[in-house]
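Please open the structure in the viewer and keep the selection panel at hand.

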Amino acid sequence: MNWLDNMNILFLGDIVGASGRDVVRQHLSSLKERYEIDLVVANGENSAHGKGITQKIYRQLLDMGIDVITMGNHTFSKNDIFQFIDNAERLVRPANMEPLAYGQHTTVIEVKGKRVAISNLCGEIWMHDVVDSPFFCMEDILDSVDADYYLVDLHAEATSEKIAFTYAFAGRVQAVVGTHTHVQTADERIVNGTAGITDLGMCGAYESVLGRDVEEILTRFTSNEKTKFKIAQGEGILCGAFVHIDDTSGKATHIERIQIRP
């Protein structure tokens, strides 16, 4: 299928640790060629050994061909983040999660002559340090950010919250992709020109529990022993979604789940 003369976006789910980085490095170039990708957006909040991001890994992800990195509830898990987040033009952190004084929640980049805004928000349900509704924050973003297209990574636990958010902003943004659960959902949809999926899934070790070591997680579930959520190693699975935007109408017309297993 020929997607030329329109905008093609690749979203990648939570990159978890070294296995996640490796599987993205392995497949990203071929995916960009196959889908004629103009913009790559990936969630990097677990990219540094499963929790947070460092300046070194931020640069590695950009060097792989990722254009914008979104974050989530582990944004500030590594102290290194405070050394570079204010100068990281291609990284966005949740607009409604404390601390609010660092970094940016939205970045606007030009792609094929269009101003594309990429925003990051956290859900309120079962999440910590969230100080405002993602619904209210998104209204503020639409009022204050001038762009042709709006893409949103809603980092949230509850599937209902992510689906409701998609319907709330259908026709006003071009894509709402969910992250955080590390399990890809099979509910991709187009709602009034907005592409949505509840969760992109993860890029991380295939034989794992959400990217964590299986034996350690089993120990945690079957005993009172405290564990450190060690990152699993081994071949990775890559999960994400391809979204096509029609430049004439300014609406998303196609969304396709992507899952590459080892």
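Which residues does His180 touch, not counting residues up to four places away in sequence? Select His180 to begin: the residues it touches are Asp14, Glu45, Asn73, Met127, His155, Ala156, Glu157 and Asp199, where contact means heavy atoms within 4.5 Å.

The model is a predicted one, in which local features need pLDDT of at least 70 and side-chain atom pairs count only at pLDDT 80 or more, while totals for chains, interfaces and linings use all residues. Residues are numbered from 1 along each chain as its sequence is written, and side-chain values use heavy atoms, with hydrogens and water left out.

Remain on His180, which sits in the loop between strand S9 (175-179) and strand S10 (189-191); helices (H or I, at least four residues) and strands (E, at least two) are DSSP runs, numbered from the N terminus. His180 has a relative accessible area of 15% and is therefore buried (buried is under 20%, exposed over 50%, partly exposed in between, with a 1.4 Å probe and protein chains only). Its side chain forms a polar contact of 3.1 Å with that of His155. Such a contact is a pair of N or O atoms within 3.5 Å; within protein, one must be able to donate a hydrogen and the other to accept it, and residues adjacent in sequence count only if both atoms are side-chain atoms.

Next, select Glu45, Asn73, His155 and His180 together: the unreviewed UniProt entry annotates them as "binding site". They are spread over 136 residues of sequence, yet their largest C-alpha distance is 10.0 Å. Of these residues, Glu45, Asn73 and His180 are included in the lining of the largest pocket. UniProt positions are given in the numbering used here, feature names are shortened, and annotations may be inferred rather than shown by experiment.

Now select Asn73, in the loop between strand S4 (68-70) and helix H3 (81-84). Asn73 is partly exposed, because its relative accessible area is 26%. The side chains of Asn73 and His155 are joined by a polar contact of 3.0 Å.

Finally, move to Asp199, in the loop between strand S11 (194-197) and strand S12 (202-205). Is this residue buried or exposed? Asp199 is buried, because its relative accessibility is 0%.

Note on methods. On a 1 Å grid over the protein atoms alone, a cavity is a set of points where a 1.4 Å probe fits but cannot get out, and a pocket is an open set with protein on both sides within 12 Å along at least five of seven lines; lining residues have an atom within 4 Å of a point.
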